[in-house]
Amino acid sequence: MQTRIHRSDSVLVDRIRAEIAEHGPITFARFMELALYDPEHGYYMTGANERARGADAETRLGWEGDFLTAPDVHPLLGMILFRQIREVDALLDHPRPLTVVEIGPGKGTLVRDLLHACSRSDPDLLTRLRYVLVERSPMMRRAQEQMLAPYERRRNHLQWVTAVEELGDRAVTGLIYSNELVDALPIHRVTVRGGALKEIMVDVAGAEFIESLADPSTPELGEYLRRQGITLPEGYTTEIHLEAVRWMKSVAQALDRGLLVTIDYGHTAQDYYAPTRRDGTLLCYSRHRIVRDPYTMIGEQDMTAHVNFSALALAGEEHGASVAGFTNLSHYLIGLGAEELLADGSFDSHDLRRAAELFRPQGFGGTFKVLIQQKGLSAPTLRGLRFRPFFDGVLDVRRSDA
Ligand SMILES: C[S@@+](CC[C@H](N)C(=O)[O-])C[C@H]1O[C@@H](n2cnc3c(N)ncnc32)[C@H](O)[C@@H]1O
């Protein structure tokens, strides 16, 4: 009989089972960490054994992989981020170097598109640019090195680190951005039973992984909800993004002056924890199909949860990065001049149809949000925030300790 865990990476399954046998049930965050980032068998990692498994960056991201990101669809986002870089460069009075950091660059497509736009229209800026790629996966880093090989000549301007913390506190004057990174950070899953917050744990029964409930593994889970003024109703199941909050803290600390731009699918806390979203947002992706079961194809399918942008805004504020604005991808692209870029005659009708995907209200255009935070700039006027589908303050949360 085939079990639910068939087509999983068997070594990874054995590792998770061994950890549970030794320590007891693990949090979902730990399960997700292992499934995606086990150093050798995680979905994004597949170190030394990747060829044996037939895995590489192309089997993960892109048309031949499990899911598409905006840069796979069209180079427009890279071109727009180049405009964002120029804007921050002017706001900072053209520093030398201007540091640009992408966190979680995947195959490196966005960096390539952005550097291409820069070398075509502002070679002088390219000479002042220090570009840092923050990537924890050796497999993804190899793909990025390959993608950026044409920029080999400028190699001294490209630098890789495995974690934001390696940059050091206040090391960046410029821009730190990410696209579809935060949704891939491990999340805790919780539910409410008998009026009490319970955490969903992962356990083993025979050949299968099963879920069980326990008291929260850390008081931070309850605090996260309390600080955002959220009370969950009985039977409600959702996610808590402690890793994303920790990530935001390190990113805000790494920035000295400039902007943080976070692009991803997600919601304000109010929408995330709306009474109608009773089952949370956890999803898996395989071959462009949604899979609702995280206990199948372990290590072979992507796993993701939507982003709570209010939690990121709050965490940034606590570490000196204040919200400059919040919009959706469509409005961000249009604000920075997408129509003008697409009308310059360099794209054929096929390219333009693809670009239109980035503006679809139920797709990239509306579901993806853009959070811009700033440090050391006084109330900057940003073109990407010219058009906003939300009121100012939409990310604000009622803080019970305020
Ligand atoms: C979904 S992909 C995003 C791809 C890319 N940004 C794009 O737009 O196509 C997530 C990427 O983030 C990397 N990653 C995950 N957690 C990370 C972390 N804590 N620090 C740096 N990179 C991370 C993964 O290895 C992968 O390259």
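Against which elements do the buried residues of α8 pack? They pack against α3 (57-60) and β3 (129-134). Two residues count as in contact if their C-beta atoms, placed from the backbone, lie within 7 Å. Helices (H or I, at least four residues) and strands (E, at least two) are DSSP runs, numbered from the N terminus.

This is a predicted model, in which local features need pLDDT of at least 70, side-chain atom pairs count only at pLDDT 80 or more, and totals for chains, interfaces and linings use all residues. Residues are numbered from 1 along each chain as its sequence is written.

Stay with helix α8 (residues 138-147). Its buried residues are Met140, Ala143 and Gln144. They cover an arc of only 100° around the axis, which puts them on the same side of α8. The arc is that of the directions from the helix axis to the C-beta atoms. An α-helix has 3.6 residues a turn, so residues three or four places apart point the same way. A residue is buried if 20 or more other C-beta atoms lie within 10 Å of its own, exposed if 12 or fewer, and partly exposed in between, with C-beta atoms placed from the backbone.

Now turn to helix pairs. Two packed helices are described by the angle between their axes and the distance between the axes. Axes are lines fitted to C-alpha atoms, for helices over the stretch in contact, and angles run from 0 to 180 degrees between N-to-C directions.

Take α5 (residues 76-91) and α6 (residues 109-121). Their axes come within 8 Å and cross at roughly 55°. The two helices are therefore oblique to each other. Angles under 35 degrees count as roughly parallel, over 145 as roughly antiparallel, 65 to 115 as roughly perpendicular and the rest as oblique. α5 passes α6 in a right-handed crossing. A crossing is right-handed if the near helix is turned clockwise from the far one by less than a right angle, and left-handed if anticlockwise. On the α5 side, the contact is made by Leu77, Gly78, Met79, Leu81 and Phe82. On the α6 side, Leu110, Asp113, Leu114, Ala117 and Cys118 take part. By class, the contact of α5 with α6 has eight nonpolar residues, one polar and one charged. Here Ala, Val, Leu, Ile, Met, Phe, Trp, Tyr, Cys and Pro count as nonpolar, Asp, Glu, Lys and Arg as charged, and the others, Gly among them, as polar.

The loop between α5 and β2 (98-103) holds Pro97. The peptide bond from Arg96 to Pro97 is cis, with omega near 0°. His94 is found in the loop between α5 and β2 too. His94 has a positive phi of about 55°, although it is not a glycine. With 11 C-beta neighbours inside 10 Å, His94 counts as exposed. Most residues other than glycine have a negative phi, and most peptide bonds are trans. Ala379, in the segment after β16 (368-375), also has a positive phi, of about 35°. Ala379 counts as exposed, with 8 C-beta neighbours inside 10 Å.

The next pair is α10 (residues 242-254) and α12 (residues 309-318). They pack at an angle of about 40°, with their axes 8 Å apart. α10 and α12 are therefore oblique to each other. The crossing of α10 past α12 is right-handed. From α10, Ala244, Val245, Met248, Lys249 and Ala252 meet Ala311, Leu312, Ala315 and Gly316 in α12. The contact of α10 with α12 divides into seven nonpolar, one polar and one charged residues.

Which residues does Ala311 touch, not counting those up to four places away in sequence? They are Tyr224, Gln228, His241, Ala244, Val245 and Ala269. Ala311 lies in α12 and counts as buried, with 27 C-beta neighbours inside 10 Å.

Tyr224 is buried, with 23 other C-beta atoms within 10 Å. Leaving aside neighbours within four places in sequence, Tyr224 is in contact with Ile240, Leu242 and Ala311.

End at Glu300, in the loop between β12 (289-291) and β13 (302-304). Is Glu300 buried or exposed? With 21 C-beta neighbours inside 10 Å, Glu300 counts as buried. Beyond four places in sequence, Glu300 is in contact with Arg7, Ser8, Asp9 and Tyr43. Glu300 and Cys284 are 16 residues apart in sequence and 10.0 Å apart in space, C-alpha to C-alpha.
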